[in-house]
Amino acid sequence: LQKLFAELEEAVEEAQGVEIRLKAMLALSEMAPIMDMLRRAAASSDVDQVKEALAVGGGFVGEYEGALRLHGPQQMAELDAAFEDVVLHQRLLEGDQADRL
């Protein structure tokens, strides 16, 4: 019984590893449009577009961050950098709007 339990535990761990790798593969396949959206937002003067990109990108990161950090660390670093660019751009836009008021 202990042997069966150990084999079952091993199978579950292996299945979880496969699930995480598949999730990372899915994230990498869906990442290009998210990165494009973030790049466009970082160059946009439309505050609503910037907010939308952050919201959509945030949902993507919430779904896939763990898998990407394990199996796509370079891509996760690129995504983090793109987010930082958009957040900085948003602050600048909001500062400009506040100055105009």
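Guide: Arginine 39 and aspartate 36 sit three residues apart in helix α1, so about one helical turn separates them. Their side chains meet in a salt bridge, with 3.5 Å from N to O. Please keep in mind that this is a predicted model, and the distances are computed from its atoms. In general, side chains of opposite charge can pair when their charged atoms come close.

By the rule used here, the count of salt bridges comes to four. Another of them pairs glutamate 63 with lysine 23, and the closest N and O atoms are 3.8 Å apart. This pair links distant parts of the chain, as glutamate 63 belongs to helix α2 and lysine 23 to helix α1, 40 residues apart. Glutamate 63 is partly exposed at 44% relative accessibility, and lysine 23 is partly exposed at 32%.

Aspartate 80 lies in helix α3 and arginine 69 in helix α2, so the pair ties together parts that are 11 residues apart in sequence. Aspartate 80 is partly exposed at 25% relative accessibility, and arginine 69 is partly exposed at 42%. Salt bridges with shared partners join Glu65, Arg69 and Asp80 into one network.

Now for the nonpolar side. The largest nonpolar core holds 20 residues, and those with the most contacts inside it are Leu38, Val50, Phe60, Leu68, Leu79, Phe83 and Val86. Helices α1 (2–42), α2 (47–71) and α3 (73–100) each give two or more residues to this core, and the largest share, eight residues, comes from α2. Leaving aside neighbours within four places in sequence, phenylalanine 60 is in contact with Ala27, Glu30, Met31, Ile34, Glu65, Leu68 and Leu79.

On the surface, Val18, Leu22 and Met25 form a nonpolar patch with about 280 Å² of accessible area together. Valine 18 is placed in helix α1 and is partly exposed, with a relative accessible area of 34%.

Finally, step back to the whole chain. The secondary structure comes to three helices and zero strands, running α-α-α from the N terminus on. The C-alpha trace spans about 75 × 20 × 20 Å along its principal axes. The radius of gyration is 19 Å, whereas a compact globule of 101 residues would have one near 13 Å. Of the 101 residues, 28% are buried. The accessible surface comes to about 7,000 Å², and carbon and sulfur atoms account for 55% of that. Among contacts between residues at least 6 apart in sequence, 72% join residues at least 24 apart.

Notes
Residues are numbered from 1 along each chain as its sequence is written. This is a predicted model: local features need pLDDT of at least 70, side-chain atom pairs count only at pLDDT 80 or more; totals for chains, interfaces and linings use all residues. Side-chain values use heavy atoms; hydrogens and water are left out. A nonpolar core is a set of buried Ala, Val, Leu, Ile, Met, Phe, Trp, Tyr and Cys residues joined through side-chain atoms within 4.5 Å. Buried means under 20% relative accessible area, exposed over 50%, partly exposed in between (1.4 Å probe, protein chains only). Helices (H or I, at least four residues) and strands (E, at least two) are DSSP runs, numbered from the N terminus. Contact means heavy atoms within 4.5 Å. Patches are made of residues with over 30% relative accessible area and no salt bridge: like charges are joined within 9 Å, nonpolar side chains (Val, Leu, Ile, Met, Phe, Trp, Tyr) within 5 Å. Accessible areas come from the Shrake-Rupley method with a 1.4 Å probe; for residues, only the protein chains shown count as cover. The radius of gyration is taken over C-alpha atoms; the globule rule is 2.2 Å times the number of residues to the power 0.38.
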